[in-house]
Amino acid sequence: MTFKITIYSIFLSLLGFVTSCSSDDDHVVQPEHQHEEVSKIVLHFTNIDKPTEIIEIPYEVPEGSTEYPLAKINLPVGTYNVEAHLFAHENNQYQEITEEIFKHDADDHFIFYQILNGKGLTIAYTNNDYVDTAGNKLGYNTVWTVTDEANNLPVYLYLLHQPANKKQDAVSLQELGGNIDLEAHYQLN
């Protein structure tokens, strides 16, 4: 009987040792990967009448900068399908986070396009745009119609985080609320 108790004691000791030596990593919940800042946007313009005519306009906000460079967009008169691709700078390279922003965090984001002089350009949110859970279009896919009046026309783009409203026809940021994740300044020629 002493022999059985001794084997049983050894077995329990070994069992306790094995379970106590398991890696603490097994119990650590890894946080979801979050991109710190959206620091680059690339607008893809596709001429609706000439689908092979594609123009890409990259816009990068220098890290730590409070000045916004002016990117010029030279578009002939016409109608363009426009997609907004978003990037974060991570590990010395850019990672596209468009789907993360517009699909996984759709309720928290909205792109507002502000035309400072309303002549020469209209921007419409499309039916094939990303939408949030309330059905609001988010501004990833828009249609830009350029007329001959568009000359040195300022257009500002704002990626908003947690806006109070997602009004496509807003005139100013004050109507929308929220924080600005990315601001880009363009000049349409």
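Helices (H or I, at least four residues) and strands (E, at least two) are DSSP runs, numbered from the N terminus. In these terms, the elements of this protein follow the order α-β-β-β-β-β-α-β-β-β-β-β from the N terminus on, which amounts to two helices and 10 strands. The model is a predicted one, in which local features need pLDDT of at least 70 and side-chain atom pairs count only at pLDDT 80 or more, while totals for chains, interfaces and linings use all residues. Residues are numbered from 1 along each chain as its sequence is written, and side-chain values use heavy atoms, with hydrogens and water left out.

- The protein has 189 residues, of which 37% count as buried; buried means under 20% relative accessible area, with a 1.4 Å probe and protein chains only.
- The protein exposes about 11,700 Å², and carbon and sulfur atoms supply 51% of this area, as computed by the Shrake-Rupley method with a 1.4 Å probe.
- Among contacts (heavy atoms within 4.5 Å) with a separation of 6 or more, 65% are between residues 24 or more positions apart.

- Two strands pair if DSSP finds at least two bridges between them.

**Pairing around β9**

- Strand β6 (residues 109-115) and strand β9 (residues 153-161) run antiparallel and are joined by seven bridges; here Phe112 stands opposite Tyr158 of β9.
- Strand β10 (residues 179-188) pairs with β9 in the antiparallel sense over nine bridges.
- Across this second pairing, Val155 stands opposite Tyr186 of β10, and Tyr158 stands opposite Glu183 of β10.

**The nonpolar core**

- A nonpolar core is a set of buried Ala, Val, Leu, Ile, Met, Phe, Trp, Tyr and Cys residues joined through side-chain atoms within 4.5 Å.
- The largest such core has 43 residues, and those touching the most other members are Ile41, Leu43, Phe45, Leu86, Trp144 and Tyr186.
- Strand β9 gives the most to this core, with six residues.

Notes:
Buried means under 20% relative accessible area, exposed over 50%, partly exposed in between (1.4 Å probe, protein chains only).
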